[in-house]
Amino acid sequence: MEPAEAEFLAEKELVTIVPSFSMDRVHLIGGDLGPFNPGLPVEVPVWLAVNLKQRQKCRLVPPAWMDVEKLEEIRDQERKEDTFTPMPSPYYMELTKLLLNYASDNIPKADEIRTLVKDTWDTRMAKLRLSADSFVRQQEAHAKLDNLTLMEINTIGTFLTQALDHMYKLRTNLQPAESSQSQDF
Amino acid sequence: MPSAQKPMRYGHTEGHTDVCFDDTGSCIVTCGSDGDVRIWENLDDDDPKSINVGEKAYSCALKNGRLITAVSNNTVQIHTFPEGAPDGILTRFTMNANHVVFNSDGTKIAAGSSDFMVKVVEVTDSSKQKTFRGHDAPVLSLSFDPRDVYLASASCDGTVRVWKIADQTCVTNWLLLQKCNDVINAKSICRLGWQPGSGKLLAIPVDKVVKLYRRETWDHRFDLSDTSIAQPLNVVAWSPCGQYLVAGSVDGSIVVWKVETQESIERTKHEKNYSICGLAWHPKYGQIAYTDTEGNLGLLEDIGDGKKPNDKVASTAAKDYNDLFDGDDDDYLNGDAIEPPSSPTTGANEDHGDDDDLMPTASHPRRAMLDDDDNSLDIGMIKANCNLLEKDDDDDDQTGGFPALPASSTQQHFYDGPLPTPRQKPFQPGSTPAHLMHRFMVWNSVGIIRCYNDEQDNAIDIEFHDTSVHHATHLPNSLNHTMADLSTEAILLACESTEELASKLHCIHFSSWDTNKEWTVDMPKDEDIEAICLGQGWAACATSALLVRLFTAGGVQKEIFSLPGPVVSMAGHGEQLMVIYHRGTGFDGDQCLGVQLMELGKKKKQVLHGDPLSLTKKSYLTWVGFSAEGTPCYVDSEGIVRMLNRRLGNTWIPVCNTREHCKGKSDHYWVVGIHENPQQLRCIPCKGARFPPTLPRPAVAILPFTLPYCQVTTEKGQMEEQYWRSIVFHNHVDYLSKNGYEVDENATSQSVKEQQELLMKLFALSCKLEREFRCVELADLMTQNVVNLAIKYASRSRRLNLAQRLSEMAVEKASELATALEEEEEEEEDFRNHLNAGYSNSGTERSRLPVRNVQQDEEMEDAEETDECEEAEETPEVHKQRPNPFSKGVTSAEVTTAKPAVIASSSQGRVNPFKVSSNKKDPLVPSASVLDNMSKYSKKTSSSSRAVNKQNPPVIKPLIPKPKSKQASAASFFQTRTPNSSEKAVEERQEKTVEERQEKAGRESPEVKVTAQDNTENKRPKTGFQMWLEENRASILTDNPGLNEAEVIKEGMSRFRVLSSEERMAWTEKAKGRAVNDLTEDKKRKRPTAAEDEAKKNQEQKSEDSNLSKKTKTSGQSTNVRLSAFAFKQS
């Protein structure tokens, strides 16, 4: 899966916005949205929030976890533990990227949040690589990884499976090579 | 004895602390292990002054503007007070000093150190030191004899010694304490104390008792103990008058004794059981400050007899209260300072307040004579002295004591009754205090006006919730505007007068179509604007001259009127202006406010004539405004939201208690708007404050409304609450329609439906509980249709008596309605004439006003009628349902029926052949017919389980020939759709004869006819299919158990189709034959349920290949189905 696809899925997540326009309930296939009352917070999917924000039709209320203190805690926890810790949102990376790109003016300390989420992400990716490494090294048959988000799985999924494939091929080729080696000599 | 214990607050970081009051008692001084000395104005002071004195402060003492601290660098320092400038080092030790004390006149200090030494140093001359050696362990605490002869000290070596200061000899020593090697290991820090005044007694906390030793003889007099003390006592402190003694223990209990009687008058416990390590009495009042080893500061109030409220904090509370409205005190921010003020006279009270036992009297000549036995009488002692206990100094000094004051001589007249409350200052609803640098000038449903007033900028930011109203604006605030209001048309700003400039009203009328969008008005000299508000097309300001000035939106001066008192706040909405002012002086913390509500439309009138405003006890007004629908509301400081109940003679009803939703005690909700439909209280949650800061941008939350009905936990209470809430929150509909505004018909019908549903549920509940009388009472609130339903319900649940009573009531109601209608009819005639006369005016009305044409006038009539006979609609007596031009076609049958039928022609006696047609659209036709049938055949069916109606009510009407009714209904439909936008049409309609209508009906579209036919078919008692179904239901059910009613019918339908045509014919014949005597036989059969009816209808509808749109009946049907389904479900 492409990162863009993961992002697309993330856009279904709900965020709170404060609209600056008035509109009745909108009936869509995916469910009803609204009603939109100016000044009154309402929950909408990210795609709509971003769209409205781009048209300056709303103000975004950052999700509760998008807060420097909470993210610091999460980062520290992530660094402390060897396994993956649960993330505040299954789409934390995508949401951070989307919301900070389009609505950074409504998010206090946007830069710090960006750094913190990036730190957490890096820590998790390092863990992921490390575990992949040990997985390959120890030639394990299976491994269990909890609390991975979709985006994270997709960063390594395709590569790892292909790599394992290749390795398998190499290994299986290696056996006859050894035997043939003796023949060569 | 009651004492008020205020919650503890953080004072210092964890560790040993000490506390004292300053000489006048105006502030509390604490020191702690963070090395800071903090000066607290009162316990709620969020911004105490901090003086850093060192790394750690062990003890502090304050007298005569000198602050002495014992700090960790082994010195005893002086700081000036309250400035906190260092003023030198008094003395040094080789270890840190543990305790420092002043003598009574403040000339000397004593310090006891961990290096076993005690020093007495003259404050002004640190070279004059006296050292007391003798303790074999760190000195724990010290106490000066008030006469400056002796000094007592306690030490870790377990001894308490009394020294003679003059020659530094140890007069006596007692081995009382447990030995230990260091202060930190000591069980108790043993803060001892001499009795102030004569110094007759020395109190020493020893384990769980306070031992009292007599001066000079040094013998043990008595112990003070209390059962509540479970742990060793740490500290004792005498009240300044010497009558009371307080002790604090290491487990946090605090006990106050009256020394004379040795009884404990007060026991409290530290809220977290931390060890008390500092205690200090207020120099004047019954107030004790205490600190614990965790750095917290607490305050006990009203110690002693508690009869005088005039303690220090009470007076500061009064001050806070004033400050609150002045808006220049930060205490407001922490939200707790809004204690009810004791009174503004507290100050005056202090002036001649010697009546308080706990106050040391100022120097009194008598004292000099009384101090006979001592040679070392000095000024300082006199100053701090108390004359209470000194009469007989040898033996029974505790007996003589009580207020031996020549009270009458020193005391002037003292008023002891209720005390007036300071009046609350005027405010703008939705604003935060004016002294803040960044504040909201207004936050309402239109937008937000913020004011920034800092060094670099003085500006006003206006932001609209709905950007389509206007774009955000930034204005320089050169005039220093402090008041603002915002509407969808204009921004109104006002400033108070300065020395040069008059008070100004500044309006930015952004919706104006010309280029000049701003206007300003100067107030006359010495007249300050105190409150402003905006309405639709007008602005108003209330001034200090008790005037309310009205302006048009364009700046034309309009009416002026005087207010009976100083304004508190104003609010405007549409044509309504609400002014709240002081009617008089409130007492004991209550405000005395009055409210005027006026309508400034074409017909100017006053709705509320300065009625008293109901506020919660000891609260003040915090918000005034209108709901979005235009109902006046206000909020008081206790968080109670009240709303005008126009239905109950313009009374106020509490609709929400915002404090119930708060998590913390000091949390509040800051109300920004109220909506009645949907029911929303929009407010901003403020943590630990009464109002929100501008940054970070606060988020609006929505609270639900709840009327304070009893027993809302029970189903009954809940439904009652819901019912009345629904009623209250739909009052605005009547009001709006009366005033010619458009009303959302759907919402109205929804609300009626909701209310009736709730009534029905309540009815069912009461039935279940066998409360038949209550049932009748409930039925009295129901509309006619629902009453019929209730009758059905009652008869189904075999409550014949109830059913009968209900039907009697229904009949009564119907006749009442009929008479009411007659009256109305006459009224209507007059009204129309009146309207016609006034009609020419409406052409000149401003476009901003809701367009008034005949239609709306009619609507108004409707509303008025609705008022009077809301429940009594749709009776068979009704000649013809008056078509309602606003019912948006026939989409909502409920609406149509909810409106009372108005008789088009004024002739009373005329038989109306269209009666059925009006009933046709009634969603509850079946039930109506039930009533008819029942009453008609009551004699025959008296033995049946059906409801019995012995009376032959006037509502009964004969079955009407089918074709006629069809036409009639068609006519009514036609009428509905006839555009009658002019009055002429109205009159025409009045003159219409039945023939004309029928003629017109002939031209009616087939669609309508079909509808009518369909409706008539609904009325037909039985079809062949139904008869067949009844016969075969059992077999269907046995074949397919678990089918519900609708499914049974479906199944039956398919089976019926399978039958041969002959068979079907036979059934139809049977049905026809039965139809003749159907009504009689019908009684004995089980009536088809409503669901069956419904299914049948559907079936019929299906079979008709008409272009009938479902729209014409869905709404009515759904109501019917829902209600009836509900009713039957219950049975």
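Two strands count as paired if DSSP finds at least two bridges between them. The model discussed here is predicted.

Q: What is the strand order of the open sheet of 4 strands in chain B?
A: The pairing in this sheet is antiparallel. The twist from one strand to the next averages 20 degrees. Strands E29 (438-443) and E32 (473-476) of chain B each pair on one side only, as edge strands. The order in chain B is E29-E30-E31-E32.

Q: Which residue of E32(B) is the bridge partner of B:Asp461?
A: Strand E31 of chain B spans residues 458-464. E31 and E32(B) pair in the antiparallel sense, over 4 bridges. In E32(B), B:Asp461 has as its bridge partner B:His474.

Q: Is B:Ser239 buried or exposed?
A: B:Ser239 sits in the loop between strands E22 (233-238) and E23 (244-249) of chain B. Its relative accessible area is 0%. Buried means under 20%, so B:Ser239 is classed as buried.

Q: Which residues is B:Ser239 in contact with, leaving aside its neighbours within four places in sequence?
A: Contact here means heavy atoms within 4.5 Å. With those neighbours within four places set aside, the residues in contact with B:Ser239 are B:Pro196, B:Tyr244 and B:Trp281.

Note on methods: Residues numbered from 1 in each chain as written. Chains lettered and ligands numbered in written order. Predicted model: local features only at pLDDT ≥ 70, side-chain atom pairs only at ≥ 80, totals over all residues. Heavy atoms only, no water. Helix = DSSP H or I, 4+ residues; strand = E, 2+ residues; numbered from the N terminus. Axes fitted to C-alpha atoms, helices over the stretch in contact; angles between N-to-C directions. Buried < 20%, exposed > 50% of the residue type's maximum accessible area, 1.4 Å probe, protein only.
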